[in-house]
Amino acid sequence: MKAAMALVNGNKSLLKEYNDFVIGKAGYANTEVNGDGGYIVMDPEFEADVEKLSAMYGVAFTDADVRSTTRNAIKTNKRGSNVVMYETNQGAKKTGTKLVIQQVLVELRKFAAIAVATDELVEDAAIDFWADVADGFAEERARIADELVFTDDDATYPGILHTDGVAVETVGASITSIVWDDLLNAEVAVPTRSMKNGKHYMHRTVWNVVRKSKDSEGRYQLVPAAGTQTPWGTPVELVDVLPDVHMVGDGNEGYAVFGDLKRVRLYVKKGLVLTPSTDATVVDADGTTVDLYAQDMTALRAVCRMVAMIKFPEAFCVIGTGTVS
């Protein structure tokens with residue numbers, strides 16, 4: 001209202017003051033505020049680089065059974081029970097048996113976001129601003145996929161940590177109680193097919209607790225050159241979305257997983273869809289409505305559709321404290 005009155009009355013100084021205030025609080029990238037993009041505008045001693053130290057995501061896309069689809073819902077089958085053979089005698093009546101097939105309708109979930117920047121920022125930037133935004137969206141997509149597979153608590157399609165039917169290896173009341181034997185117990189808690197192709201998945205801080213295990217004489221039980229694997233050769237994958245040692249609080253939480261991630265079906269539609277726009281009306285990161293055309297701005301919308309289905313819960317063992325609920 002104040003800005004409108006200033007415009008009507010021709011009070012340019014008040015209008016500039018109000019605009020400066022708004023830009024300082026903007027939820028979009030612009031050249032006026034360093035934290036909103038000003039740092040990447042060319043400077044006499046500018047290093048045209050954006051250094052990143054972001055979390056590592058993408059385990060789900062690497063290890064799970066990723067299926068591409070053009071649909072928003074998929075019907076998937078799995079074997080409920082196998083046929084059974086038994087010993088019999090000559091001329092004896094035989095008992096029937098059947099293969100049971102179960103079918104589930106899986107609906108993909110939609111995830112989206114919009115990044116907004118002023119045209120001046122994009123024109124003046126010494127880097128390809130939108131390329132870096134696109135990279136950021138790709139990282140987010142990988143993070144979401146990892147959460148869907150491991151930690152999501154969705155009632156219909158929960159991640160492994162929250163799925164009924166998984167095996168459980170309890171290590172005591174404290175996360176620091178975990179030792180190599182717990183990892184061995186987790187491996188034999190799943191069917192042999194899963195055990196042979198299985199990996200351990202955990203946060204790096206949990207792995208640090210395990211690998212510091214020492215024998216009675218204070219010697220490390222893991223040879224330093226062994227890499228990220230158990231002393232008996234089972235691979236260990238570090239997953240940033242899994243709970244770290246500071247997140248496991250109430251003594252009844254799972255925090256590590258063993259199993260064959262190929263037993264998880266990750267359905268993905270069209271990958272990451274990026275759509276630019278210069279004439280839409282959008283809401284920026286601060287909740288302010290922005291008219292892209294009138295305010296010389298561009299927006300990039302990212303949309304992805306995917307869902308994870310833990311098709312065989314028995315293929316996994318969750319390691320945790322207490323009752324692991």
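I began with Leu 99, which counts as partly exposed because its relative accessibility is 44% (buried means under 20% relative accessible area, exposed over 50%, partly exposed in between, with a 1.4 Å probe and protein chains only). I noted that this is a predicted model, in which local features need pLDDT of at least 70 and side-chain atom pairs count only at pLDDT 80 or more, while totals for chains, interfaces and linings use all residues. Residues are numbered from 1 along each chain as its sequence is written, and side-chain values use heavy atoms, with hydrogens and water left out.

I then located Leu 99 in the loop between β2 (73-81) and β3 (100-107); helices (H or I, at least four residues) and strands (E, at least two) are DSSP runs numbered from the N terminus.

Next, I turned to α8 (204-211). I found Val 206, Trp 207, Val 209 and Val 210 buried in α8. They lie on the same side of α8, because they cover an arc of only 155 degrees around the axis (the arc of the directions from the helix axis to the C-beta atoms). I recorded that the buried residues of α8 pack against α6 (180-188), β6 (199-202), β7 and β8 (254-259), contact meaning heavy atoms within 4.5 Å.

I followed the chain to Gly 233, in the loop between α8 and β7 (236-238). Gly 233 counts as partly exposed, at 37% relative accessibility. Its C-alpha atom is separated by 10.0 Å from that of Lys 199, 34 residues apart along the chain.

Last, I looked up the cysteines. Cys 304 is buried at 5% relative accessibility, and Cys 317 is buried at 0%. I found zero disulfides in the structure (pairs of cysteine sulfur atoms within 2.5 Å).
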